[in-house]
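Hi,

Here is the structure I promised to pass on. Have a look at it first, then read my notes below.

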Amino acid sequence: MKRQRVSAAAARRIALAAQGFGIERPDGAANLGHVKRAVDRLGLLQIDSVNVLTRAHYLPLFSRLGNYDSAHLDRLAWGRKSRRGLFEFWAHEASLLPLASQPLLRWRMERAAAGISKGGLQTFAREKAAYIEEVRREVEDRGPLAASDLSTAGPKRGPWWGWNDGKLALEWLFFAGIVTTATRRGAFERVYDLTERVLPASIQALPTPSPEEAQRELLRLSARALGVATEFDLRDYYRLPVADTKARLAELVEAGELLPVEVEGWNRPAYLDPAARQPRRIEARALLAPFDPLVWERDRTERIFDFFYRIEIYTPVAKRKHGYYVLPFLLGDRLVGRVDLKADRANSKLLAPAAHLEAGVEARDVSVPMREELRLMADWLGLDELVLPRAGDLGRAWSRMSK
């Protein structure tokens, strides 16, 4: 099949539109409906323990909606059973997903329960089957439990983040779909309960699709969220197996549900969602978290935006180029700069140690919109003061302007 040609600029705009950029933010604070629709559009939110600004899953919604009450997301994720709209599972890493996606991941849970999945948890499950059943019964008898609540937690182990046997048992039960997250406690501790007691009955009653149909639907969701993408991009969104992805992609192309395209400057074949918006212009402005779906796949980010981006949290201080927790800045349809950020809650300050411009970008074009976005972020986080950077080319430009 001959591939349609797509220009690099068009691909960039398609990708941004698919991710919810280029449309006006809600007037005033976004409501629960705005939050739910934004998560549905993205398909998932990655969860991460890093809390330099706020938890990772809250930031992509701020990028798209502006000021919103993060309690709306908490209610959807961990609220009362009758009002839940999201659940936790391993999708693109640990993730929050719409409840409607739960049946689409049952094949992954079944493979884990059958010992087909790879990794250290499967080895643990084979060696500790009797203990895992004891933990399951304890959750069944006592109700929602964190690993720290178990009567016998067992010794800590090395490779798995220092987890003890109790935590490993609960995580295996979680991966197998037997338990799920009932709520989060304190400093982001997961509290587990039997899945049947957490998820609404209407979701549990949904039929389980075959692995093939579930994978096709997950690829459809990936394509909708990405707009235009390579096979790897589509596979990576929900971390699907390579062989399964290749087979399902061929089926979707044959059915006309994905269009093979050739994107200018891309060295791999690509696929276009037939329903993707293809705007002639994108007017967007956003600070993007390191785990935002627009930029979490770094090679795709470089391919689409010509923007080399790596998180430097684990880089020694002397070797960091841009800072500890750096957010790219989207303006129009380009990533024009980046800013290192930290929430100093004790002093109610949003700290920006450094801000950098991309090559060929002028400070006068970026200064005002980035400063306004930083002020909006400070307000959203409930911080009184914004401390502008003095380091980086944009930071130095701000310093000169303030003299």
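Which residues does Asp 236 touch, not counting residues up to four places away in sequence? They are His 92, Trp 296 and Glu 297, where contact means heavy atoms within 4.5 Å.

Before the rest, some ground rules. This is a predicted model, so to speak of a local feature we need pLDDT of at least 70, and side-chain atom pairs count only at pLDDT 80 or more, while totals for chains, interfaces and linings use all residues. Residues are numbered from 1 along each chain as its sequence is written, and side-chain values use heavy atoms, with hydrogens and water left out.

Asp 236 sits in helix H12 (residues 231–237); helices (H or I, at least four residues) and strands (E, at least two) are DSSP runs, numbered from the N terminus. Asp 236 counts as buried because its relative accessible area is 10%; buried means under 20%, exposed over 50%, and partly exposed in between (1.4 Å probe, protein chains only).

Asp 69, at 41% relative accessible area, is therefore partly exposed. You'll find Asp 69 in the loop between helix H3 (59–65) and helix H4 (70–78). Its side chain reaches the backbone nitrogen of Ala 71 at 2.9 Å.

**The sheet**

Next, look for the open sheet of five strands, in the order E10-E11-E12-E13-E14, with mixed pairing. (Two strands pair if DSSP finds at least two bridges between them.) At the edges are strand E10 (285–287) and strand E14 (385–387), each pairing on one side only. E10 and strand E11 (residues 326–331) are antiparallel partners over three bridges, and Leu 287 has Phe 329 in E11 as its bridge partner.

Helix H15 (residues 363–380) lies across E10, E11, strand E12 (334–344), strand E13 (349–357) and E14, at about 120° to E11. For such angles, axes are lines fitted to C-alpha atoms (for helices over the stretch in contact), and the angles run from 0 to 180 degrees between N-to-C directions.

**The cores**

In soluble globular proteins, nonpolar side chains tend to be buried together. Here the largest nonpolar core has 108 residues, and Leu 53 and Met 377 have the most contacts inside it. (A nonpolar core is a set of buried Ala, Val, Leu, Ile, Met, Phe, Trp, Tyr and Cys residues joined through side-chain atoms within 4.5 Å.) Apart from that one lies another core, of 27 residues, including Ala 17 and Leu 330.

Cheers

Note on methods. Polar contact = N/O pair within 3.5 Å; in protein donor to acceptor, adjacent residues only side chain to side chain.
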